[in-house]
Amino acid sequence: MKHTIAFADNGQDFLEWDVIDGVVADSRPFQGSVWKGTKVDMTKAQEGQLLPIITKRGESRFVLYPVVAMSRTE
C-alpha cells in the first residue's frame, strides 16, 4: 500500500514522502537518499502531529515537522 505524507513547510529540504508498505520510497523535493529506507508506522501517523519513525540505523525518532496531509493509494 502506498501513502503520500506532506509535512509543514518550515524551510526544510523535504516536503513530501512516498511511503510504500511502511518504508519511505522517495522524498520531495530533495533528500531522497537521506530518507529512503526509513520505517514509518502508518497506524500512528496523524495530521497535525509529529511523525514517529525508525531510522535506517534502528533509532526511534520523530520528524521535526508536523504532518499536514496524508493520502493513500492502493
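Lys44 is placed in the loop between strand S4 (39–40) and strand S5 (52–54); helices (H or I, at least four residues) and strands (E, at least two) are DSSP runs, numbered from the N terminus. The model is predicted, so local features need pLDDT of at least 70 and side-chain atom pairs count only at pLDDT 80 or more, while totals for chains, interfaces and linings use all residues. Residues are numbered from 1 along each chain as its sequence is written, and side-chain values use heavy atoms, with hydrogens and water left out.

**Lys44**
- Lys44 is exposed, at a relative accessible area of 51% (exposed is over 50%, buried under 20%, partly exposed in between; 1.4 Å probe, protein chains only).
- Between the C-alpha atoms of Lys44 and Gly22, which are 22 residues apart along the chain, the separation is 11 Å.

**Aromatic pairs**
- The structure holds six aromatic pairs (rings of Phe, Tyr and Trp, the last by its six-membered ring, with centres within 6.5 Å; planes under 30 degrees apart are stacked, over 60 edge-to-face, the rest tilted).
- One of them, Phe14 with Tyr65, is edge-to-face, at 5.7 Å centre to centre and 75° between the planes.
- Because Phe14 lies in strand S2 (residues 14–20) and Tyr65 in the loop between strand S6 (60–62) and strand S7 (67–73), this pair ties together parts 51 residues apart in sequence.
- Phe14 is buried, with a relative accessible area of 4%, whereas Tyr65 is partly exposed at 22%.
- Trp17 and Trp35 form a tilted pair, 4.9 Å centre to centre with 45° between the planes.
- Trp17 in strand S2 and Trp35 in helix H1 (residues 32–35) are 18 residues apart, and both are buried.

**Cluster**
- Ring pairs join Phe7, Phe14, Trp17, Trp35 and Tyr65 into a cluster.
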